[in-house]
Amino acid sequence: MSSCIFLMLFLIQVDAQIRYSIPEEMRKGSLIGNVAQDLGLDIKRLRSGRARIVTGENVQYAELKTDKGTLVANERIDREQLCGDVTPCSFTFEILLENPMELHPVTIEVLDVNDNAPTFLSKDLDFEISEFATLGSLFDLETARDADVGENSLRNYVLSPNENFVFKQHLDQDGGNYIQMVLENALDREKQPRLNLKLVAVDGGSPQRSGTVNINIEVLDANDNAPVFNQRVYKATVTENSPKGAHVLTVNASDIDSGANGHVTYLFSKSNAPMSDFFKINEVTGRISVAKTVDYEKDKKIEFRVEARDQGGLTDTSKVEIDIIDVNDNAPVINVMSFTSPVSEDSPVGTTIGIINVKDLDSGENGQVRCSVEGSAAVEIKSNVRNYYALVTNAPLDRESLSEVNITVIASDSGKPPLSVNKVFNLKISDVNDNAPVFTRALYSATLSENNSPGLSVFSVTAKDPDENQNARLSYILEDCDISGTPVSSYISVNSENGVISAARSFDYEQTKEFMCVIKAQDGGSPPLSSNVTVKILVQDQNDNAPQVLYPVQTGGSLVAEMVPRSADVGYLVTKVVAVDVDSGQNAWLSYKLQKAADKALFEVGSQNGEIRTIRQVTDKDAVKQRLSVIVEDNGQPSRSATVIVNVAVADSFPEVLSEFTDFTHDKEYNDNLTFYLVLALAVVSFLFITCVVVIISVKIYRWRQSRILYHSNLPVIPYYPPRYSDTLGTGTLPHVYNYDTCRTTDSRKSDIKYMQPMSESLVSVDDVGTESAQNGLQRSTTSTLQKPPQNDWRFTQGQRPGPSGAAGGPEVTMGTGPWPQPPTEAEQLQALMAAANAVNEATATLGPGTMGLSTRYSPQFTLQHVPDYRQNVYIPGSTATLTSNPQQQQQQATAQQATQQALPPPQVSAQPEPPKAAQTPASKKKSTKKEKK
């Protein structure tokens, strides 16, 4: 900071002290002395050290001119006001310099001038003296007061000339004086009943000043004995600040006269009339008590005289000396010279942050002062100069542990009891974000009425952060959690600024009675700190559900009646209405009452249990058909109700009831809920129907698009082996290609094979279905009018072509270029299927795991999962026979195949090949008929 803030001071006490004498009443600005010259200081030193006057008084009488180094009067000085009767009169202050610190005491003595004349407190002194007063009787007179001292103080009294009295002045052992008037010649009331004298007080100043008081004497008749005190001097002590009326002492005087002339009264002597301001005396008992608070700091000892007077006017006086005992009634005063705040937390230990001055007006031990720092603050107090103390840090300052500290300096004296004063210094330290927010409560709980409106404020959470500014700016966040599988954000929301929690939905007590969530408070520091608190919200029930009648069940189609015999007595239980209310508490308390009845005088309903009983004897006059309307109400505010119809049959036998109830009108009261459920069911069925239609159409479109994509794609495909042919020798060319429309059902007897027209290519589907539909094959066969030769890998020689189809063409003829063969026989179909199964088995045996073994030729997408596993079973359409990939079975099948080839006739070539037509089975005839209809 600055050098004046943290001075590493070495307090140096300078012994140089100067003293000046000046007369009182000097004008403001008058020169007192040259301080710089007398102290041997340079003018520059006064300026650089910021020289100033330090005084604990409210009035600063002197002013330091640092530019000249002189001391001048700052205020008019009245010696009498400053010191009173104390001589010599002086006041002291210090001149304080900094860098380094120097303290120079200066004492200024104020000399008295004769500016005050002697004065009497009273303008007139009245005396009543008996004419028989003894010669030499003494009468105390009021002394004059002169505020001046020394030569200017009161010096002499002069009594005006008269025939009866003379003036006499006395001196006490302690230097005090009092004056008396002595009766020198007897009084004669008949000659002179009243005397008027003057007493003049003169001081010793130049020029002299004087004051005058009038003495009025009234002469009384005979009283020849004066009162006499039992002590010439009374001594007592009184504690300062004694309460008003506190007893000090009691004086006593006696008069040997009898009657009225012996009655003595006590009063303060006029020589010290001002004492009546401090004490009062009982005129009858002589008891002296405190009349005004006495201050030891002003008067350490009080002396005055008391007077005893009888009815004849004769008096006697005695001296009273009262010592004032000092009480520790002045607390020390702390004056702040300098203090700096805030302080950086990296300030070194021993940094001075302030300088104070402490004074106590009491004396002795009551004025001895000690200073200390309260608590364990990181500041201590040191003193190297009288009454001056420095506040110094004694430990490193840490904003993380204490961002702002109040340093309390305690100054106490040594009195009993000691008095002390506190001075609080607020020291601030810079901030770092190291405190996480803290919630005011560990768990919050709130209640919320159900059926509330969304957005309603429930309550608020509050967190505190001891940091300041941005580090203490908090944001409230609702932590993500689920309540019964639903995010908590759909239940409540939290205001990020003030932590107000609002309802995000309307709550239903019957569904949600309570739930808990977590609120996070995060400050704005970098990095931010946060803390969590759990909030529990209870949903209060409201009367939002009407009672539901469980019995009797209200049906819309059948008539239910309770039978009451005509012999039923009073209180016969007809039936009981049972109802429930899903609400809770008093909202679920139910009451029952009869709302409508054909004969209200016959039945009654229990208000609490819902029991319907007869209230009189059933007679023959009572109608058989009785219709009762019972209302069920809950105890909520407002209440909700439900009505139930109870049909009662008054009869002794069931046929009688039937005869009476057959003509009952069918004006049934249908339940509104039934209509609602019917409408809801109709809507659900309609929705499901529309959904199914849309799904079916989407699937059809998707399959059609997939078939078009595969048909027009340029990707290499796996050739399809027609089930009629087989590759027996591994070489040769297949000149004819057939496409079969296979129709399979759950009953193999209804499956058939339909031969379609020739096709240039056959595709194996690579989608998830695993097979290609017959319709797609039909579309491709009809759209392809030209035959394309297959790849050379799939050619057979002429001798390798089984059946009559191998009779045409030579080895050089490619597939798709020769004439179509005649329709194959069943033996040729069997031979072709077995050959296809064997070829597929051999091809798949060479595949690696996960691929078809043709990765260099085909796309890796063609994996084994896309190709049916023909190694397992081969089903022959239209037959219940099954071909498997068992090696033993394969050998048997190969032997049968060779035998069949030898038995078959040679193939015949047709000049004009036509597409073969498959023989129709009964199942294929039915499907073709259906297709034509579509």
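Counting a disulfide as a pair of cysteine sulfur atoms within 2.5 Å, we get one disulfide here. In general terms, a disulfide is a covalent bond between the sulfur atoms of two cysteines. The bond in question joins Cys83 to Cys89, with 1.8 Å from S to S. The link of Cys83 and Cys89 is right-handed, with 70° about the S-S bond.

Before going on, a word on what you're looking at: this is a predicted model, where local features need pLDDT of at least 70, side-chain atom pairs count only at pLDDT 80 or more, and totals for chains, interfaces and linings use all residues. Residues are numbered from 1 along each chain as its sequence is written, and side-chain values use heavy atoms, with hydrogens and water left out.

Back to the cysteines. Take buried as under 20% relative accessible area, exposed as over 50%, and partly exposed as in between (1.4 Å probe, protein chains only). Cys83 counts as buried because its relative accessible area is 16%, and Cys89 is buried too, at 2%. Cys371 has a relative accessible area of 15%, so it is buried. Then there's Cys517, which is in no disulfide: the nearest cysteine sulfur belongs to Cys481 and is 6.4 Å away. With a relative accessible area of 1%, Cys517 is buried.

Now step back to the whole protein. Its secondary structure comes to nine helices and 56 strands; these are DSSP runs numbered from the N terminus, with helices being H or I of at least four residues and strands E of at least two. Of the 934 residues, 41% are buried. The protein exposes about 51500 Å², and carbon and sulfur atoms supply 51% of that (areas by the Shrake-Rupley method with a 1.4 Å probe; for residues, only the protein chains shown count as cover). As for contacts (heavy atoms within 4.5 Å), take those with a separation of 6 or more: residues 24 or more positions apart account for 68% of them.

Two of the sheets are worth a walk-through, with strands taken as paired if DSSP finds at least two bridges between them. Strand 9 pairs with strand 12 (residues 177–183) in the antiparallel sense over four bridges, and Leu138 has Val182 in strand 12 as its bridge partner.

Another open sheet has four strands in the order 8-14-13-10, and its pairing is mixed. Strand 8 (124–130) and strand 10 (154–159) are its edge strands, each pairing on one side only. On average, neighbouring strands of this sheet are turned by 25° against each other, direction ignored. Strand 8 and strand 14 (residues 210–220) run in the parallel sense and pair over seven bridges; Glu128 stands opposite Glu218 in strand 14.

Finally, have a look at Lys520, in strand 40 (residues 514–523). Is Lys520 buried or exposed? Lys520 counts as buried, because its relative accessibility is 17%. Leaving out residues up to four places away in sequence, Lys520 touches several residues, among them Phe439, Tyr476, Glu479 and Ser531. Lys520 and Ser531 are eleven residues apart in sequence and 5.6 Å apart in space, C-alpha to C-alpha.

Notes: Axes are lines fitted to C-alpha atoms, for helices over the stretch in contact, and angles run from 0 to 180 degrees between N-to-C directions.
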